[in-house]
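Hi,

Here is the model I promised to pass on. Have a look at it first, and my notes come after.

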Amino acid sequence: MNIKKVQKDIDSCRFCFMCRHICSMARVTGSEVVNPRSRGLMLSYVLRGTIPYSADLEDTVYKCCMCGCCADWCEGDWNPPAYVQEARFDMVERELAPAHITALRDALLKNGMIADPGEPVLASVENSDAKALLYKGAYPDAQIERYFTQAAALMDRAGIQYAYVAGAPSGFAQLYRLGYRQDAQRVARQVLDLAKAKGVRTIATLSALDAYILDLLADEIGCKNDFSIVPVVKMLMDAVEDGSIKVNAKDLSVTYHDSDIMARYLAMTDKPRSVLSRLGASLTEMEWHGSRARTTGGLLLAAMYPAESAALVARRAAEASETGAQALVTGDIEDALLLTGKTGQETLTLIDVIGRAAL
Ligand code: SF4
Ligand code: SF4
């Protein structure tokens, strides 16, 4: 049973209410079943053989957006998303994943993404001098073309030679999070093999989630030390900081939304603010920001539980709107996609803001 590895976390949460009011899914559902205490209690019963794994555990195991707000709040450093993830592996191994989750897996295996991939728009970039593979991930070309094109132009400006492979395998991050570890490892291996075939050791991902999960899977596969896997937005922020991308500061009043992955999984909260300041942006913070930022739930939750996703996005959009800032900026394309048009403000990624200021 995979959850045995995280028994201490499970047993620490089962009688604790200290992050109940922080849990994103508990707050938008009003349900006592989905907070970390209830998840811990139910999984502690499973660990002790009091109840078996069953389809009845869907809310405990799947109705979590893995935002990490609970783990960030926890004084004991316990980690509910870690045991939710292990419980998903267990459910999948026992063929107990709900039908709507297996349908998502089928879509990911068929198309490399959950959404309809649509017509390809982005062409491969061959480059025998490439030092990095620019990786688009599990998003339809038409949905992310603007972000991808801007990121590619800025890599050129920073002097980072890159290659891009249209139609590269994708979906490992979503498969992993849904509990399909073997599928995720297989797709990740294909991506890493592609990087090897291109002769590069750096993989620059458009999505922060892809960077985090691909690094984790590279470790599971046993080739973590062969690659540097980073969100492309980090490379571009580095390039602004070290002067490889020269900028002309432009006045802009912004509020900054920290995504789950960038803030709580990759601990990247100061750097975006420092770069925004260099770019001339004046920042008005939302009440919940930095590592305490409220989540949108991400695109995977939107596919798993649309109503809960919409409630999380609306909650975060209202917070952004209340700041009165001209623009909402985020480092994460998933959150940009979710928040665009919801706040009454212009929604920009950090890549957009760097692109506007680049000389
Ligand atoms: S994560 Fe920490 S604060 Fe939350 S229930 Fe578990 S032990 Fe308590
Ligand atoms: S990761 Fe988020 S949704 Fe899941 S239990 Fe923790 S706070 Fe709740």
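First, the housekeeping. This is a predicted model, so take local features as needing pLDDT of at least 70 and side-chain atom pairs as counting only at pLDDT 80 or more, while totals for chains, interfaces and linings use all residues. Residues are numbered from 1 along each chain as its sequence is written, and chains are lettered from A and ligands numbered from 1 in the order in which they are written.

Domains

The domain assignment gives domain 1 (2-97), domain 2 (132-237) and domain 3 (246-357); the bounds come from an automatic or database domain assignment. Between domain 1 and domain 2, the C-alpha centres are 29 Å apart. Their contact uses six residues of domain 1 and five residues of domain 2, where contact means C-beta atoms, placed from the backbone, within 7 Å. On the domain 1 side, five of these residues are nonpolar, none polar and one charged. By class, Ala, Val, Leu, Ile, Met, Phe, Trp, Tyr, Cys and Pro count as nonpolar, Asp, Glu, Lys and Arg as charged, and the others, Gly among them, as polar.

Sheets

A note on terms: helices (H or I, at least four residues) and strands (E, at least two) are DSSP runs numbered from the N terminus, and two strands pair if DSSP finds at least two bridges between them.

One open sheet has four strands in the order β2-β1-β3-β4, with parallel pairing. Its edge strands are β2 (162-164) and β4, each pairing on one side only. Neighbouring strands here are turned by 25 degrees against each other on average, direction ignored; axes are lines fitted to C-alpha atoms, for helices over the stretch in contact, and angles run from 0 to 180 degrees between N-to-C directions. Strand β1 (residues 132-135) pairs with β3 (residues 202-205) over four bridges, with Ala-132 partnered by Thr-202. β3 is also joined by four bridges to β4 (residues 228-231), and there Ala-204 sits opposite Val-230.

Another open sheet of four strands runs β6-β5-β7-β8, again with parallel pairing.

A helix pair

The axes of α8 (residues 141-158) and α12 (residues 232-241) come within 10 Å and cross at roughly 35 degrees. The crossing is left-handed, i.e. the near helix is turned anticlockwise from the far one by less than a right angle (right-handed if clockwise).

Ligands

A residue counts as near a ligand if its C-beta atom, placed from the backbone, lies within 6 Å of it. Around ligand 1 you'll find, among others, Cys-13, Cys-16, Cys-19, Arg-37, Cys-70, Cys-74 and Trp-78. Both α1 (7-13) and α3 (36-47) supply at least two residues of this shell, which divides into nine nonpolar, two polar and one charged.

Ligand 2 has 14 residues around it, with Cys-23, Met-25, Cys-64, Cys-67 and Cys-70 coming nearest. α2 (24-29), α5 (69-73) and α6 (80-93) are the elements giving two or more residues to that shell. Its classes are twelve nonpolar, two polar and no charged.

Cheers

Definitions and conventions
Contact = placed C-beta atoms within 7 Å.
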